[in-house]
Amino acid sequence: EIEARNEELAQKEQEIEMRKKEIESHDEEIRNLRKTVEELHGRENELLGNVEQLELKINKLKELYTTVKKQKDRSVQKCNEAEIRLENEIQSSQRRLEEGIEATRNQLTQEFESNIEEFVSW
């Protein structure tokens, strides 16, 4: 009976040792998992920081785009206004030129007719 008891104790001690090894193995796994979780949290925080920086840059780019678009729209409007003024000036100059040509033609015609009348009266 003592031998059976000793054998049973030895078997229990082996079971306890196996359980200890399993527990140690599980503890190591848990430590590794915790380390991995900590690393992942660190990476997550890093990525969140990157996202915040990118969002700031996106907002700045949006502001810049809006400013550039407003400037472009103003420039286009000024160009359109300048084009209209230039067209008006061209038309005005063309009218003055045509009036000048007509006046010169009339003057030359009168002088020519006057010269013909003078020649005929000779």
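Modeller: Happy to! Let's begin with the term itself: a salt bridge here is a side-chain nitrogen of Lys or Arg within 4 Å of a carboxyl oxygen of Asp or Glu. Please keep in mind that this is a predicted model.

With that in hand, look at R19 and E22, whose side chains meet in a salt bridge with an N to O distance of 3.4 Å. Why are these two separated by about one helical turn? R19 and E22 are three residues apart in helix α1, so about one helical turn separates them. Their exposure is worth a look too. R19 has 53% relative accessibility and therefore counts as exposed, since exposed means over 50%. E22, with a relative accessible area of 36%, is partly exposed.

Further along, R31 and E28 make a salt bridge through their side chains, at 2.9 Å from N to O. Again the two residues, R31 and E28, are three residues apart in helix α1, so they are separated by about one helical turn. R31 counts as partly exposed at 47% relative accessibility, and E28 is partly exposed with a relative accessible area of 37%.

Another pair to find is R105 and E102, which form a salt bridge whose closest N and O atoms are 3.0 Å apart. R105 and E102 are also three residues apart in helix α1, which means about one helical turn lies between them. R105 is partly exposed, with a relative accessible area of 47%, while E102 counts as partly exposed at 36% relative accessibility. A search of the whole structure finds seven salt bridges.

Now let's step back to see the setting. The protein has one helix and zero strands. Its radius of gyration is 51 Å, well over the 14 Å that the globule rule gives for 122 residues, so the protein is more spread out than a compact globule. Taken along the principal axes, the C-alpha atoms fill a box of roughly 175 × 20 × 10 Å. You can follow this with two residues: T104 and N59 are 45 residues apart along the chain, and their C-alpha atoms are separated by 66 Å. T104 lies in helix α1 and counts as partly exposed, at 42% relative accessibility.

What share of the 122 residues counts as buried? The figure is 0%, where buried means under 20% relative accessible area. The protein exposes about 12,100 Å², and carbon and sulfur atoms supply 54% of that area. As for charge, there are 21 positive and 31 negative side chains, and the centres of the two sets lie 4 Å apart.

Finally, for a contrast with the charged pairs, turn to the nonpolar patch that F112, I116, F119 and V120 form on the surface. Together these residues have about 480 Å² of accessible area. One of them, F112, lies in helix α1, which covers residues 2–121. At 55% relative accessibility, F112 counts as exposed.

How values were computed:
Residues are numbered from 1 along each chain as its sequence is written. This is a predicted model: local features need pLDDT of at least 70, side-chain atom pairs count only at pLDDT 80 or more; totals for chains, interfaces and linings use all residues. Side-chain values use heavy atoms; hydrogens and water are left out. Helices (H or I, at least four residues) and strands (E, at least two) are DSSP runs, numbered from the N terminus. The radius of gyration is taken over C-alpha atoms; the globule rule is 2.2 Å times the number of residues to the power 0.38. Buried means under 20% relative accessible area, exposed over 50%, partly exposed in between (1.4 Å probe, protein chains only). Accessible areas come from the Shrake-Rupley method with a 1.4 Å probe; for residues, only the protein chains shown count as cover. Lys and Arg count as positive and Asp and Glu as negative; His and the chain ends are not counted. The place of a charge is taken as NZ of Lys, CZ of Arg, CG of Asp or CD of Glu. Patches are made of residues with over 30% relative accessible area and no salt bridge: like charges are joined within 9 Å, nonpolar side chains (Val, Leu, Ile, Met, Phe, Trp, Tyr) within 5 Å.
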